[in-house]
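Subject: Two-chain model, handover and findings

Hello,

Here is the structure we talked about handing over. Please open it alongside this note, which goes through each chain and then the contact between them.

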Amino acid sequence: MCLAGVGLTILLNVVVDSYRFLPRSFRPLYEGRGPFPGEESPVWAPFEKRLAESRIALLTSAGFYLKGSQQSFDVEREQVHEEWGDPTWRAIPTSARPEDLAVAHLHINDEDLLADPEIALPMRLLDELTREGVVGGSVAGHVAVMGYQDRGLRDWRDVTAPEIVAHLREQGADGLILAPA
Amino acid sequence: MPVLARWIEAAGIPTVVVTMMPAVAEERRAPRIVGVEFPFGHPFGMPNDRVMQRRVLELALRVLAGAASFGTRVDLDMEWPVPLREAYKAWQPKVPSPIVRKMLEARQDGPRS
């Protein structure tokens with residue numbers, strides 16, 4: 001009892017400074033803004049299987065795409081319409097090699113992402129955990145978006161999110177790890 | 001991104017958000033949150049540091065599968081191994097993004113005190 005209590009305290013200790021790496025002038029854009037309009041109530045889908053029997057999907061907002069076969073996220077249009085960000089998504093096959101990937105994201109330095117895509121899309125690592133039996137498997141196609149979006153998020157809500165859900169269902173995903181870049 | 005997690009969760013797929021701004025993800029009411037004190041662009045850690053990346057991914061999986069209720073947040077107790085000033089500069093794009101460029105221009109054009 002006592003030990004479990006101590007463990008829980010350590011586990012739930014809040015240690016991260018959410019604004020450590022954010023320019024000070026950007027902080028009011030994020031802090032204290034509350035829920036997105038209409039998104040106040042809890043949403044919950046219980047995770048019902050054992051991890052070792054579950055198929056896991058990853059979603060990154062780093063703007064990865066396959067440079068040989070997919071279109072880049074549209075950063076040209078963003079150059080002209082500064083408050084707009086490409087709302088589309090790409091499926092990144094688990095078989096993609098690091099050298100197959102490119103990054104289209106004007107708000108972050110892409111050097112580390114290109115040097116080691118695992119820092120935002122840990123597909124190899126998830127495969128390793130699958131081989132070790134920690135998870136049951138991964139989907140064949142993970143998901144990439146470009147995280148800079150207009151404030152209304154209408155295209156994400158009406159088009160992109162339903163398409164991603166359909167993709168994840170088709171892939172048999174039991175759970176999704178989203179990693180904002 | 002937290003709101004994208006909500007829409008996917010509402011469709012019946014459990015989600016966890018691994019983020020450098022967990023306080024914002026909480027405000028935005030993401031169902032499950034893992035906080036990391038890492039620079040933007042690096043949610044799973046340093047390039048080529050498999051041990052670090054694995055700690056993040058394993059924690060994300062544990063929270064995804066094990067969180068008992070909505071709003072669970074667990075922070076990874078791990079410091080970024082690069083000095084702050086250097087890391088703060090390193091994550092930012094070499095050329096300012098269009099919106100930042102516009103903000104900077106507006107500041108320059110605006111009234112001066």
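First, a term. A residue is called buried if 20 or more other C-beta atoms lie within 10 Å of its own, exposed if 12 or fewer, and partly exposed in between, with C-beta atoms placed from the backbone.

Next, the ground rules. This is a predicted model, in which local features need pLDDT of at least 70, side-chain atom pairs count only at pLDDT 80 or more, and totals for chains, interfaces and linings use all residues. Residues are numbered from 1 along each chain as its sequence is written, while chains are lettered from A and ligands numbered from 1 in the order in which they are written.

Chain A

Buried residues make up 38% of the 181 residues in chain A. Chain A has six helices and seven strands. Helices (H or I, at least four residues) and strands (E, at least two) are DSSP runs, numbered from the N terminus. Their order along the sequence is α-α-β-β-α-β-β-α-α-β-β-α-β. Along the principal axes, the C-alpha atoms fill a box of roughly 60 × 40 × 30 Å.

Two residues are in contact if their C-beta atoms, placed from the backbone, lie within 7 Å. Of the contacts in chain A with a separation of 6 or more, 80% are between residues 24 or more positions apart.

Look at H6(A). The end C-alpha atoms of its 17 residues are 24 Å apart, which agrees with the 24 Å they should span at 1.5 Å a residue. That expected span is 1.5 Å times one less than the number of residues. H6(A) also bends by about 40° at Thr160(A). A proline, Pro162(A), follows within four residues. The bend is the angle between axes fitted to the seven residues ending at a residue and the seven starting there.

Which residues of H6(A) are buried? They are Trp156(A), Thr160(A), Ala161(A), Ile164(A) and Leu168(A). Their cover includes E1, E3, E6 and E7 of chain A, together with helix H1 (2-10) of chain B. After H6(A) comes Gly172(A), with a positive phi near 70°.

Chain B

Chain B holds five helices and three strands. From the N terminus on, they run α-β-α-β-α-β-α-α. The radius of gyration of chain B is 17 Å, well over the 13 Å that the globule rule gives for 113 residues, so chain B is more spread out than a compact globule. That radius is taken over C-alpha atoms, and the globule rule is 2.2 Å times the number of residues to the power 0.38. The C-alpha box, along the principal axes, is roughly 55 × 35 × 20 Å.

In chain B, 50% of the 113 residues are buried. Among its contacts between residues at least 6 apart in sequence, 47% join residues at least 24 apart.

Start with E1(B). Five of its five residues are buried, so E1(B) is largely enclosed by the rest of the structure. Thr15(B), Val17(B) and Thr19(B) point one way, and Val16(B) and Val18(B) the other way. E1(B) and E2(B) run parallel, joined by three bridges. Strands pair if DSSP finds at least two bridges between them. Val18(B) is partnered by Val34(B), and Thr19(B) by Gly35(B). E2(B) is covered on both faces, with Arg32(B) and Val34(B) buried on one side and Ile33(B) and Gly35(B) on the other.

H3(B) covers residues 50-66 and reaches 23 Å from its first C-alpha to its last, close to the expected 24 Å. Its buried residues include Met52(B), Val56(B), Leu57(B) and Leu64(B). The buried residues of H3(B) pack against H5 and E7 of chain A, and against E1, E2 and E3 of chain B.

Where the chains meet

How many residues of chain A are in contact with chain B? The count is 61 residues of chain A, against 63 residues of chain B. H3, H4, H5, H6 and E7 of chain A each supply at least two residues to the side that touches chain B. H6(A) gives the most, with six residues. That side of chain A divides into 40 nonpolar, nine polar and 12 charged residues. Here Ala, Val, Leu, Ile, Met, Phe, Trp, Tyr, Cys and Pro count as nonpolar, Asp, Glu, Lys and Arg as charged, and the others, Gly among them, as polar.

Ile177(A) has Val16(B) as its bridge partner, and Leu176(A) has Thr15(B).

Best wishes
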